[in-house]
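Student: Please take a close look at one part of this model. I would like the aromatic contacts, explained step by step.

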Amino acid sequence: MHSNSLVGAQIVGAISKLKQDKLNIGIQPILQSQRMTPYRNHIEFETAEFFFAENQTPAAQVNKLLDLWASTLKKHDDKPPFADYHDLYKTINKTPLGDIKWESFSVRYNGKRPDTDVPPWMDQVFEVWYCDPQEDIISEDPESHGSTFVPVVLGSDKTTVSVATGNNEYYPLYASIGNVCNNVRRAHHDAVSIIAFLTIPKMTKEHATGDVKFRKFCQQLFHCSLSKILETLRPGITKYEVACFSDRHFCHVIYGLGPYIADYEEQVLLTCIVCGWCLRCLSSCINLDEPADWHCCHHMDVLVEEGTLDALWDEYGIVGDLVPFTNDFAWADIHELIAPDILHQLIKGTFKDHLVDWIEKIAAVPTFAGFKQWMGDDSKALMKVYLSAIEGVITEKTLKQIQEALDQFHRYQKIFETLNHSLQHYILLIQLFGAPNGLCSSITEAKHIKAVKEPWRHSSQYKALGQMLVTNQHLNKLAALHADFTQCKMLDGTCLSAAALEAVNTTVDNNDNNDNEVNDGPTDVEAHVELAKMPHESSSTSLKLSILHLPNLLRCFLFSQLNPDDPHDPSEVPLACCPQFDNKINVFNSACSRFFALPSSKKTAPSDLSGISSMCHEYIHACPIWRNKHPQFDCVFVNTNPGLDSMRGMDVAQVLSFFSFTYKAKLYPCAVMWWFDTIGDLPNEDTGMWVVQPAHNANNMPHISIIHIDSIYHAAHLIPVYGTQLVPPQHQHYQTYDFFCHFYVNKYADHYSFEIAF
């Protein structure tokens with residue numbers, strides 16, 4: 001039997017265990033006393049559960065609510081359950097249940113290397129995070145009798161938290177046990193847990209599609225990772241161990257690999273079978289209806305030892321140079337463990353979404369301060385940038401190609417015989433595993449929301465994996481403690497009833513007088529921009545921004561501020577007439593724009609249905625190094641002519657720097673702007689968006705000036721006018737403003753952009 005130890009991927013380095021106070025997750029049954037450790041009372045636990053698990057309240061809002069709560073208790077000389085969100089998270093992390101650590105191992109390629117032009121992926125080290133699936137074992141017993149068989153049900157499926165960019169993919173691995181009923185596994189009762197985040201090697205499209213070695217490495221990396229993650233189960237497969245069950249009883253347990261939940265593409269990877277062949281029988285892909293024997297690991301091992309790779313591929317549909325992870329486990333045959341997948345085989349059929357792969361231009365869209373484009377509903381985020389990406393692509397030729405594709409589908413629709421063939425095995429699979437819906441890939445896809453997508457949204461979206469592990473840790477701890485408290489009857493009744501029992505003589509005064517009325521009328525948006533709180537002091541902005549004439553621009557700006565009624569353009573005023581300034585300035589990397597929605601009868605209401613006047617904010621960046629990686633210089637709308645509506649009264653500019661200085665005891669917060677010229681008097685006919693281009697002076701120098709930040713109205717998002725040329729594969733989104741010549745002003749970025757400028 002072949003092993004995964006030295007096949008194209010190598011486990012390197014020592015296993016890294018994170019600090020226990022950072023990433024302890026899971027459920028370890030520990031008998032607790034009636035005390036609600038680490039919580040002092042019923043209210044404190046339910047407050048933590050509401051903030052973190054039920055409402056997923058952001059840290060800043062937790063602080064605000066606790067401050068409001070504390071202000072109401074001040075006169076009673078009392079305080080809320082937690083001081084701030086730090087206190088909340090610290091208390092959750094002290095939960096005694098769930099002492100399971102996240103660990104990591106690294107994998108790298110160790111196969112043959114070319115003499116020259118070594119692909120970069122051969123030198124990269126890929127990291128996998130996981131938690132021990134057997135961590136809840138209490139002890140071992142040398143005797144073997146009376147054991148309970150616990151089949152470990154596995155499932156894996158890639159998920160994308162950012163459809164539009166395609167750069168935020170995660171590869172979670174889930175586990176359950178076969179001892180629970182199907183309806184329990186499908187319900188949201190934590191019967192399915194996330195145990196690992198598999199690595200996804202990121203390479204150029206050239207390597208991803210054309211490099212056979214890279215594809216084989218990725219496939220074997222998957223199997224090696226599974227083998228490593230599950231290695232602690234191996235002793236319990238051949239010899240029983242002692243485990244504590246949820247009813248507080250200890251049992252002898254024998255583990256085994258159970259059904260594996262996956263869609264067809266994942267099943268092909270798991271079984272090392274060529275796509276289009278049957279995963280369970282030896283039927284030829286030419287005639288799948290022909291009766292054939294079953295696939296088995298012993299038969300495959302013999303074929304691999306005796307045959308050639310080409311013969312295995314052509315005659316048996318076997319990828320002979322891949323080793324399935326089940327080869328490292330006793331009594332495990334991957335062909336017998338593949339569960340039916342009614343979601344993709346019956347419900348979705350062969351439908352696949354190729355939209356983002358087709359429009360690769362979307363990944364070149366620059367980031368935008370006020371545009372939460374890669375959060376929440378990804379289909380909405382995609383629509384915000386999709387229109388400009390397909391402009392010029394959908395032509396009569398494209399429509400003709402679509403018709404040809406439809407004709408080709410009708411000619412070759414026999415490909416669906418693969419689907420019909422898989423249904424032939426459903427009777428046996430139902431006899432083996434029960435109702436198919438109990439092991440459907442919809443279970444893992446639903447788990448993506450709680451285990452991956454919501455923790456990702458809860459993070460800062462920057463190096464989010466570590467934050468997601470912590471969030472999952474806290475959620476698991478709260479769920480474990482809730483179950484433990486419920487079993488001990490410590491959560492009977494509500495917090496109010498518990499408080500009433502503790503303070504019988506306390507009179508509860510509950511005045512619900514509320515004179516506020518909801519205003520569902522139209523809104524107007526007022527903006528105010530403030531510089532960041534922490535400046536970087538500098539005496540030479542010219543050197544910092546490589547703008548040699550910036551001191552002259554500063555003098556012109558001072559002239560305009562000191563002479564607001566002067567009709568001349570400040571750039572045309574002789575420098576001799578402008579004030580001299582040689583003092584230091586404070587440079588800032590960002591500014592905060594705050595918006596307050598006010599009732600108004602002049603404009604149409606935005607698409608916010610809350611109906612309540614509210615404050616929101618966005619950050620506008622002008623940062624040479626953003627997150628230690630790349631520059632980020634955002635664009636803004638500047639109010640240049642308040643007497644005109646929409647874009648006719650505004651200009652678009654890119655912020656090169658925020659700074660402030662003091663002149664004659666007065667503080668001037670400013671911004672250095674590179675202006676854009678609006679092309680035409682109307683928006684583009686096809687997209688409905690205005691088109692702009694970088695502005696230049698008569699000497700072909702960039703049109704740069706200094707303005708007061710009060711002129712900035714709102715952040716703007718520009719999307720390139722791509723044309724028909726392909727975007728270079730090495731292009732990065734932060735290079736977009738320098739690479740393209742024309743841009744659409746994205747009115748779909750948010751409802752404020754749509755409301756203000758259009």
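**Aromatic contacts**

Tutor: At 3% relative accessibility, Phe557 counts as buried, because the cut-off for buried is under 20%. Keep in mind that this is a predicted model. Phe661 has a relative accessibility of 2%, so Phe661 counts as buried too.

Now take the two rings together. A search of the whole structure finds 26 aromatic pairs. Phe557 and Phe661 form an aromatic pair with 6.3 Å centre to centre. The planes of Phe557 and Phe661 stand at 75°, and the pair is edge-to-face. Phe557 lies in helix 22, residues 550–562. Phe661 lies in strand 19, residues 650–663. The pair therefore ties together parts that are 104 residues apart in sequence.

Among the 26 aromatic pairs of the whole structure is that of Phe325 and Phe329, with ring centres 6.4 Å apart. Their planes meet at 75°, so this pair is edge-to-face. Both Phe325 and Phe329 are buried.

Definitions and conventions:
Residues are numbered from 1 along each chain as its sequence is written. This is a predicted model: local features need pLDDT of at least 70, side-chain atom pairs count only at pLDDT 80 or more; totals for chains, interfaces and linings use all residues. Side-chain values use heavy atoms; hydrogens and water are left out. Rings of Phe, Tyr and Trp (its six-membered ring) pair if their centres lie within 6.5 Å; planes under 30 degrees apart count as stacked, over 60 as edge-to-face and the rest as tilted. Buried means under 20% relative accessible area, exposed over 50%, partly exposed in between (1.4 Å probe, protein chains only). Helices (H or I, at least four residues) and strands (E, at least two) are DSSP runs, numbered from the N terminus.
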